[in-house]
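Have the viewer open and follow along topic by topic.

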Amino acid sequence: MVVLVLYDIPTNTKQRRAMYTRFRKEVLSLGFDMLQYSIYYRHVFGTNARHSLIGKIVKISPKGIKTGISIRILTITEKQFMDMVVVYDTDKKRHKKETKTATGTQLLLF
């Protein structure tokens, strides 16, 4: 499974910029990688790991300023993540299917 964290924290004040930076650093410390600005992903193995990780994200979410902050957590399968289509804005290739996005390794145990 892949857990995606998508967030929008306004940075129009010094306090909100600090909250944004703190949250971003905490997400990175949990082992997430940046997919694009304000969208981070991490591979997890099992529902227990997923629930634990979601609890940690909720715990580190910014508190105090309630207006304008939005954090969404989405879980998708490895197959869905690998089937992601990425559109690049280049002259020669406008549409390219990304196949090297997944970094996790699936193990088969007997």
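What does the accessible surface of the protein come to, and what share of it belongs to carbon and sulfur atoms? It comes to about 8100 Å², with 55% belonging to carbon and sulfur atoms; such areas come from the Shrake-Rupley method with a 1.4 Å probe, and for residues only the protein chains shown count as cover. Please keep in mind that this is a predicted model, in which local features need pLDDT of at least 70, side-chain atom pairs count only at pLDDT 80 or more, and totals for chains, interfaces and linings use all residues. Residues are numbered from 1 along each chain as its sequence is written, and side-chain values use heavy atoms, leaving out hydrogens and water.

**Overall layout**

- The protein has three helices and six strands, where helices (H or I, at least four residues) and strands (E, at least two) are DSSP runs numbered from the N terminus.
- Along the sequence, the pattern reads β-α-β-β-α-β-α-β-β.
- Of the 110 residues, 27% count as buried; buried means under 20% relative accessible area, exposed over 50%, and partly exposed in between (1.4 Å probe, protein chains only).
- Taking contacts (heavy atoms within 4.5 Å) between residues at least 6 apart in sequence, 63% join residues at least 24 apart.

**The sheet and its helices**

- Four strands form an open sheet in the order E2-E3-E1-E4, with antiparallel pairing; two strands pair if DSSP finds at least two bridges between them.
- Strand E2 (33-36) and strand E4 (70-76) are the edge strands, each pairing on one side only.
- From one strand to the next, the twist averages 25 degrees; axes are lines fitted to C-alpha atoms, for helices over the stretch in contact, and angles run from 0 to 180 degrees between N-to-C directions.
- Helix H1 (residues 14-29) packs on this sheet and touches E1, E3 and E4, its direction making about 175 degrees with that of E1.
- Helix H2 (residues 47-60) also packs on the sheet, touching E1, E3 and E4; its direction makes about 170 degrees with that of E4.

**Strand pairs**

- Strand E1 (residues 2-8) and strand E3 (residues 39-43) run antiparallel and are joined by five bridges; Val5 has Tyr40 in E3 as its bridge partner.
- Three bridges link the antiparallel strands E2 and E3, and Asp33 stands opposite Tyr41 in E3.
- E2 and E3 make a hairpin with two residues between them, and Ser38 in the turn has a positive phi of about 65 degrees.

- Leu53 lies in helix H2 and counts as buried because its relative accessibility is 3%.
- From C-alpha to C-alpha, Leu53 and Leu30 are 8.0 Å apart, while in sequence they are 23 residues apart.

**Confidence**

- The average pLDDT (the predictor's confidence in each residue, from 0 to 100) is 83, and 77% of the residues score at least 70.
- Among the elements, E3 has the highest mean pLDDT (96) and strand E6 (residues 96-97) the lowest (52).
- Where pLDDT is low, the predicted coordinates should not be read in detail.
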